[in-house]
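Here are some notes to go with the structure. Have it open while you read, and take the points in order.

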Amino acid sequence: MRTGARTLRGKLKGNEIRQLVVDDGIFTNGLRVTYFTVWSADILLAQNAIACLSLNDTILPIELLPANDPSVFAWAMMNLGPTPATIDTIATWDRLDPDHVVNEELFIHNRIATDLEYLIVAQPYTMTEDEGVLQLVKGKQQSV
């Protein structure tokens, strides 16, 4: 089995949700996301990019970056500054919950109506059966 970092990168249309990892049925094999960032796909038209990573294809629709949804474990945003078509300042913000391992599906959610680019770095992670079950439950109920 190949060891080392895996990268996932690409472009999302506005408000798109994309499945990045498909469940292989082996819940003791997973990926630990170590880095997640987003940026605007067209800096001349869009100043912002906002996205999150989730274990589900649906998340809380009202909240932009929901921390109270147990399936969501990574959040990222970028802002290019107040003046359109110029890069006055580049402000980035990202957060990862280090206690989540993806051992089912992984989805990326573009939370705004403009296109964005993304880069995700993840490490393969092998768990015991107990740890794998715990990760499955944690994706459904945060209090575990």
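Where is the place of Glu-104? Point 2 takes that up, after a word on the model.

1. **Ground rules.** This is a predicted model, where local features need pLDDT of at least 70, side-chain atom pairs count only at pLDDT 80 or more, and totals for chains, interfaces and linings use all residues. Residues are numbered from 1 along each chain as its sequence is written, and side-chain values use heavy atoms, with hydrogens and water left out.

2. **Glu-104.** You'll find Glu-104 in the loop between β6 (91–96) and β7. Helices (H or I, at least four residues) and strands (E, at least two) are DSSP runs, numbered from the N terminus. Glu-104 counts as partly exposed because its relative accessibility is 22%; buried means under 20% relative accessible area, exposed over 50%, and partly exposed in between (1.4 Å probe, protein chains only). Its contacts (heavy atoms within 4.5 Å), leaving aside neighbours within four places in sequence, are Val-21, Val-22, Asp-23, Leu-136 and Lys-140. Glu-104 and Asn-29 sit 75 residues apart in sequence, yet their C-alpha atoms are 9.0 Å apart in space.

3. **Overall layout.** There is 1 helix, along with 8 strands, and the order along the sequence is β-β-β-β-β-β-β-β-α. Of the protein's 144 residues, 40% are buried. Among contacts with a separation of 6 or more, 75% join residues 24 or more positions apart.

4. **The open sheet.** Three strands make an open sheet, ordered β1-β8-β3, with antiparallel pairing. Strands β1 (6–12) and β3 (29–40) are at the edges with a single partner strand each, so one side of each has no neighbour in the sheet. Neighbouring strands here are turned by 20° against each other on average, direction ignored; the axes are lines fitted to C-alpha atoms, for helices over the stretch in contact, and angles run from 0 to 180 degrees between N-to-C directions. Between β3 and β8 (residues 116–126) there are 11 bridges, and Leu-31 stands opposite Pro-124 in β8. Pairing requires at least two DSSP bridges between two strands.

5. **Strand β4.** Buried or mostly exposed? In β4 (residues 48–54), 6 of the 7 residues are buried. This strand pairs in the antiparallel sense with β5 (residues 72–79) over 7 bridges, and with β7 (residues 106–110) over 4 bridges, again antiparallel. Cys-52 has a bridge partner in each: Trp-75 in β5 and His-109 in β7.

6. **Ser-54.** Also in β4 is Ser-54, which counts as buried because its relative accessibility is 0%. Its side chain makes a polar contact with that of Ser-71 at 3.0 Å. Such a contact is a pair of N or O atoms within 3.5 Å; within protein, one must be able to donate a hydrogen and the other to accept it, and residues adjacent in sequence count only if both atoms are side-chain atoms.

7. **The cores.** A nonpolar core is a set of buried Ala, Val, Leu, Ile, Met, Phe, Trp, Tyr and Cys residues joined through side-chain atoms within 4.5 Å. The largest has 23 residues, and Phe-36, Val-38, Leu-53, Phe-73, Ile-108 and Tyr-118 touch the most other members. Elements giving two or more residues to this core are β2 (17–21), β3, β4, β5, β7 and β8. A second, separate core has 7 residues, including Cys-52 and Val-72.
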